[in-house]
Amino acid sequence: MESIWSKTCNRKKKPVLEGHIQADAAVIGGGMAGILTAWQLEQAGVRTVVLEAEQIGGGQTKNTTAKITSQHGLFCRTFIEKKGEEPARKYVQANQAAVEEYKRIIRKECIDCDLLESAAYVYSVDSEKLKRETEAAQRLGINASFEEQIEIPVSCAGAVCFPEQAQFHPLKFIRALAERLTIYEDTLVTEVEDNLVKTACGSVRAGYIIFTSHFPFINFPGMYFARMHQERSYVIALENAGELNGMYIGEGEDTLSFRQYNKYILLGGQAHRTGENKTGGRYEKLRETAKRMYPESTVAACWSAQDCITSDKIPFIGEYSAERPSWLTATGFQKWGMSSAMVSAILLRDRICGYENPYAEVFAPSRFSVEEFPGLVKEGGKAVKGLTKRFFYIPDKTIAGLERGHGAVVDTPQGKAGVYKTEEGEVCQVDVVCPHMGCELSWNPDECSWDCPCHGSRFNYKGELLDGPAQEGVWHE
Ligand SMILES: Cc1cc2nc3c(=O)[nH]c(=O)nc-3n(C[C@H](O)[C@H](O)[C@H](O)COP(=O)(O)OP(=O)(O)OC[C@H]3O[C@@H](n4cnc5c(N)ncnc54)[C@H](O)[C@@H]3O)c2cc1C
């Protein structure tokens, strides 16, 4: 399942790191956050290298919907209520500055990445909620408006509009920046010891180590596993569905997302916690929705992605842990990783260059607030459940009883195993213990993958690693 971005962007391969090198900063992970951080650092004169396990943009960034906006759902009012008006203003301003910075870089560097300025909308059936959100956004300095009529075929009472946001082709953008950066691909970081980063064939000693690996994969210090989980969503690209001027997202659970790219409308939705998609049918449900809304449309591509959700719904950008002041990180983007990646790049550049940044404390991973508390308890509970399942749940299926084209945790003479039976009847067996922290994996029928409900690591049906925080595949036969 290839995204419209991967289908429409050529790439030039970067070398593998071989031998030992030195740099001012080493960035681990070449997604949107890593490439932008390296770009901002290089612009400020900091010698930076990027170490990417596979290919740049090949993680979640290749499967985003690439709306660049400071409108992160209906968040202004809640943010003010939970954290206060000043932190809320800083959050919005940091993200709005990020939107402007994208436009500035793209124009200055003449990057051909299909940048389009457009308004962003959140729609809802609750007009009072929308009006209150509009007022809150205005108080925070956004030129927001309440619109009763919108152009998408959903039943709603209107939408909150943020004008002058943007959308683009994310891979064309980062590959243009990458031309001017020092990047090593197929270079998995296996170990980090103080200021030394180790890979299979080389190492980097750097003044700063920046983890932009989507989910920080070193558990101690930092303990990000206790403060975040991952959520997956699905996208289909529709042809013959007409044209949209704005970018849209619904409020609440079960929401839908819309944007235009060339002749396609990208329709997203069907979100769930990674590892909790037992029954599947997510693409099917999106197709049904598309048929209802756009009867003439056909599906040209479909794909999915996931993102990290923090306990208090604010990204972690800054020092990895007080114990390692030269390690920095950017993660927990809540499916708003385009603007958040730019916020990260600016904050991390300022931290390294010693520039004062008024927004730093809002995003600091060291923050600890009461809003995080219920989330922390929930994450702890999920991890315990994932571990308990591994030890106490006895599967009722056997390999013989498994239908073709299906996967499940089954009972085998050697104990529990994850088995996928191909349409041809071939049996692919894997260990169902996640190498990250030992939780039991679940089968995701929509992606034919083994997904971890605790922290969101994923493996294909052969056991090969798809997504972190795990850094290796699972045993397979
Ligand atoms: C369906 C969906 C739609 C979305 N749409 C939007 C949107 O419209 N607008 C928006 O703002 N956000 C959106 N997001 C969120 C956004 O896509 C992500 O937040 C963003 O792409 C994350 O970028 P990243 O650089 O943090 O991670 P990634 O792109 O995953 O990059 C991390 C990189 O680190 C590498 N890596 C991992 N471990 C190692 C290691 N040990 N050594 C070396 N490299 C390593 C990986 O290979 C990967 O390339 C969406 C998310 C989803 C799920």
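Arginine 77 is partly exposed in this predicted model, with a relative accessible area of 28%. Its side chain meets that of glutamate 81 in a salt bridge, 3.3 Å from N to O. Both residues lie in helix H3 (residues 76-83), four residues apart, or about one turn of the helix. Glutamate 81 has 56% relative accessibility and therefore counts as exposed, the cut-off being over 50%.

Helix H3 also contributes lysine 83 to a second pair. The side chains of lysine 83 and aspartate 312 form a salt bridge at 3.1 Å, N to O. This pair links distant parts of the chain, since aspartate 312 sits 229 residues away in the loop between strand E15 (298-310) and strand E16 (316-321). Lysine 83 is partly exposed at 24%, whereas aspartate 312 is buried at 9%.

Glutamate 185 is in the loop between strands E7 (182-184) and E8 (189-193), and arginine 11 is in the loop between helix H1 (4-7) and strand E1 (19-28), 174 residues apart. Glutamate 185 is buried, at 0% relative accessibility, while arginine 11 is partly exposed at 31%. Elsewhere, Glu85, Glu86, Arg89 and Arg139 are linked in a network of salt bridges. The whole structure holds 29 salt bridges.

Helix packing is the remaining topic. The axes of H4 (residues 85-108) and H8 (residues 337-353) come within 8 Å and cross at roughly 90°, so the two helices are roughly perpendicular. Residues making the contact include Ala94, Glu101 and Tyr102 of H4 and Met338, Ser339 and Ile346 of H8. By class, nine residues in this contact are nonpolar, three polar and one charged.

Technical notes. Residues numbered from 1 in each chain as written. Predicted model: local features only at pLDDT ≥ 70, side-chain atom pairs only at ≥ 80, totals over all residues. Heavy atoms only, no water. Axes fitted to C-alpha atoms, helices over the stretch in contact; angles between N-to-C directions. Parallel < 35°, antiparallel > 145°, perpendicular 65-115°, else oblique. Contact = heavy atoms within 4.5 Å. Nonpolar A, V, L, I, M, F, W, Y, C, P; charged D, E, K, R; others polar. Salt bridge = Lys/Arg side-chain N within 4 Å of Asp/Glu carboxyl O. Buried < 20%, exposed > 50% of the residue type's maximum accessible area, 1.4 Å probe, protein only.
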